[in-house]
Every structure is written in structure tokens, then in C-alpha cells.
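Subject: The structure to look through

Hi,

Here is the structure I wanted to hand over to you. Please open it beside this message, and then read on.

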Amino acid sequence: MLPPSQAGEFDGSGRANGSDYPAIAALRRDFIWGVSTSSFQIEGAVREGGRGPSVWDIYCQQGQIANRDTADVACDHYHRYLEDVALMQRLGVQAYRFSVAWPRILPLGRGQPNEVGLEFYDRLIDAVLAAGIEPWLCLYHWDLPQALDDLGGWTNRDSVGWFADYAAMVAARFGDRVKRFATFNEPSGFTLFGLGFGGKRATSSVDALHQAIHHVNLAHGAAADVLRAQVPDSSIGAIHNYQPCLPLTPVDGPAAERCDAYWNKAFPDPQCLGAYPALIQAAIEPHMQAGDLARIRRPADWFGLNHYSPVYVTADMNGVLGFALGDKPANIPLTPIGWPIMPSAFRDTLLHVAERYALPVYVLENGMGGYDKPDANGAVIDTDRIAYLRDYIGALNAAALAGADVRGYFVWSLLDNFEWDAGYGVRFGLAYIDYPTQQRIPKASFEWYRTLIKAAQNG
Ligand code: FCB
């Protein structure tokens, strides 16, 4: 970690300044304000229009999700996307990051494309553009076609070709209108939690994890080449979850270093610097072929950062990775769902990734999870989320002031949605979803963000 920066008006204490709005004067004039979502978390319509099943449909069917929730309906965005685009227009965002569901346009992951699925994204992209919002398309936000998982998924080196072919189809169909592309969202998230921690989804060995890491990196490089070749004026990156890995006690130092290697660096290091972190190099070696590192390190236009909080790490001698997450020191501020609130860690991470990877940084996810409920008047007054966003955007400004080349900030998320293992119980949206009626209720944070964006644009 870098030493604490010259923080300017931000003192790192958790409050950006006395007011409800953070200072943003250090941000560029062409700074982009946006919101992010992902296909599986909002679309619903999982069996409609010829969509094939994804691995997450199967986890849901198996009852692995809290409250046995499924994403069968989710936010019904597949049918209500126009309402959601109108919400974004009202919010005033300049950009919308969404993902394409691979099994919606290639139900079996490869082979015959599904025209009905492609047409859905045509309509969505056209509506986003008509609203004056720039679409940022992420190719992969974890909804792997089940047919490909049946063939070994990311542990199969053929996955590199499957992904490149899928990228080519997306580029050919949407590249006339979409220029911003992300290859993967949080590759460390789905590989580590899928294969690394020995949890309910770990179907195989630690070696499978290293295979998957390497193949996802190769798939990133292959897709970046395809997009670059097929889409004129494209702007390409990958999205990484990156945060300080803090030892819970002094003896947990080595475990924290292992966490940093796997969670933070296993993807951006080879993708941007051309080498795996030393701690995992030997484990990847058996899966490496001549020329692979050059295939992975392809030119990128930006670094996508997802950041919520630091993680505290403990040694775990029984786990295959030697580290575990979850415990936290007593008396640190937490969000309602128990994630540490530490805006100074965000500032430090921004400075760190901007320097280490030497690319413009876009924050493509940041936000607060809670258990929001409408009050007696039907309003959702999420002052805790406003305070979180205010302090984190204050930290962003502090990072810019200290020299980080940060060019955009996207709130996770536009809508409450299917929050993976936590199902619908955990809410991250600027708009509340009343799931029984599918009514969208903009929260107080929605109005707050709208005012901030307006001020930023007039500033
Ligand atoms: C990130 C995911 C996103 C969402 C947020 C809360 O790790 O990319 O889909 O679940 O966490």
C-alpha cells in the first residue's frame, strides 16, 4: 500500500467534509458519472426468448441461495428495460454499464446464435443511446452457459476459444453502436469463490482453480484482440475487484499476502504487467504453454475498479489457499450487511492501481448494501447509503487530488437486484424494487446522486 496521500479536504476519517456533498473539484471536467448492473441480477425471463440455462440458474434450482430465491423474475428488466432507461435518464447519468447474458445470445454457449436474444440487446442499446447515455458492455458477469460448465467451464482450455467466438458475435452485432467493452467482471470473484475456498460450489481441486485463473486470463487477451480488430474506435478494459488485504492479527501477515496475490493481482498483473504474482507463479506453471503470457498481456485502454471495502484476512491451515476471510476487528464501522466502511482504503487503492498499472482508472462499482424498507409514506430514506457514497466520492476526489488518473465513477447499482448468494434480502439499489409489484421507487440516494451529477456538470 502507498503511504497516506496528501488528502486535502478529505481527512480519511469517514467524513468527507461537514456537508451532505463531497468536494469533487479535483475531478476532470470530462469525468463520467454512471451506474452499473448485470444481466443475471436484473433481467429475469430466464426461460424466455430461447435463453439457455446458466450456472447460476442451476445454483438457484438447487436451492443454494438465501431464502431459496431464484432469478427467474429478478427485476423483470427484460420486459421493463424502457422504464429502467427512463430512470437513468432522470438520474442524469452519462454512462450505463450492463452485461450481456452469454446464454441469452448463445443458449449452448457456442454454435447457433439466438436471434431473439440478440434483438433484446439491440432494443436495450438503442434505448440507452436514445436517452443520451453511453452504453458500457461487459461480456461476462458470471452467468456462464451451463452447457459449457458441463464441459469443464473455465478449467477447460477450450474456454478461451469459446469466449473469443462469443466476443466476436457481440462485436459484430453491437460494435456499430457500442464502443466501450469490458471483458470480465471480477475474475478473481468467480474463480476464487467458485473453485478456491472449498465451499459448496468447489467441484474440484486447487489445481482446477489455477487452471481456471490461467484460462480466464487467456480468454481476456483473446477477446480484447477480437474486439480491437472488429470494432473501430473501441475502448477496452477488464474490471477488477481490488482492496487492501489486511491481516486480522500480526501472525496473519503471510495469509494476507496470499490473499493479495489471489484476489487482487492474479488477473491484472499478467494482463497489464505480463507476469503472475510470484506467490502463485509456480502453481500456474503446469498450465502454461509457450507464448501464453504474451497472449494475455494485450493493450488495454483503461483499468476497471470495483471497490467496496478492505478485507481482513486470517491464516487458514485447513483451506487449500491458506487464508480465510470473514472475521473483522471489533469496533470498526460497518455497513448494514457487515462490510467495513473505510473510505481511506478506497483512496489508497485508487492511488495504488493507478500507479501500478499505469492506466486511466474507471470505478465501475461502488455502493452500499442494506436492508432498505419503505417508510409509512412509501418513501425509502437511505441516509446511511448517502453518507457512504458521500464519503467514498470524497475519497475519490482525494485520490484525484493526489494524482490518481481516475476518469469515471459508477454506482452499484441502479436497482435493488438479485444479490447472488444473499438473494433479494440485500439491497444495493438507488431505486427500491417492490418485488411483488415490480414498482421502482427512487430512494433518497437517487435524488442525492442526481443532484451531485447535476452540480458536477454545471461546475
Ligand atoms: C460485486 C459484484 C456485483 C454485486 C456487488 C455487490 O462483487 O460484481 O455483481 O453483487 O458485488
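Predicted model: local features only at pLDDT ≥ 70, side-chain atom pairs only at ≥ 80, totals over all residues.

**Around the ligand**

An N or O atom in the side chain of E186 lies 2.7 Å from an oxygen atom of the ligand. For H141, the distance from a side-chain N or O atom to a ligand oxygen is 2.8 Å, and for E365 it is 2.9 Å.

**Aromatic rings**

Next come the rings. Across the whole structure, a search finds 47 aromatic pairs. One of them is formed by W136 and Y362, whose ring centres are 4.9 Å apart with 65° between the planes, an edge-to-face arrangement. W136 belongs to strand β3 (residues 134-140) and Y362 to strand β10 (residues 361-365), so this pair ties together parts that are 226 residues apart in sequence. Are these two residues buried or exposed? W136 is buried, at a relative accessible area of 3%, and Y362 also counts as buried, at 7%.

Another pair to look at is Y262 with F323. Their ring centres are 6.2 Å apart and their planes meet at 35°, so this pair is tilted. Y262 sits in helix α10 (residues 253-265) and F323 in strand β9 (residues 323-325), which makes this a link between distant parts of the chain, 61 residues apart. Both Y262 and F323 are buried.

You will also find an aromatic cluster made of F40, W56, Y59, W142, F418, W420, Y424 and Y435. Elsewhere, the charged end of R104 sits over the ring of F120, 5.9 Å from the ring centre.

**Loops and backbone**

The loop between β11 (406-412) and β12 (431-434) holds L414, and S413 is in the loop between β11 and β12 too. A cis peptide bond joins S413 to W412, with omega at about 15°. L414 counts as buried, at 1% relative accessibility.

Two residues other than glycine have a positive phi. A45 has phi near 50° and is placed in the loop between α1 (39-42) and α2. Q438 has phi near 65° and lies in the loop between β12 and β13 (439-442). A45 counts as buried at 6% relative accessibility, and for Q438 the value is 6% as well, so Q438 is buried.

Last, have a look at Q64, in the loop between α2 (55-61) and α3 (77-91). Q64 is buried, at 17% relative accessible area, and its side chain makes a polar contact of 2.7 Å with the side chain of Q62.

Enjoy looking around!

Best wishes

How values were computed:
Residues numbered from 1 in each chain as written. Heavy atoms only, no water. Polar contact = N/O pair within 3.5 Å; in protein donor to acceptor, adjacent residues only side chain to side chain. Phe/Tyr/Trp six-rings, centres within 6.5 Å; stacked < 30°, edge-to-face > 60°. Helix = DSSP H or I, 4+ residues; strand = E, 2+ residues; numbered from the N terminus. Buried < 20%, exposed > 50% of the residue type's maximum accessible area, 1.4 Å probe, protein only. Lys NZ or Arg CZ within 6 Å of the ring centre and 35° of its normal.
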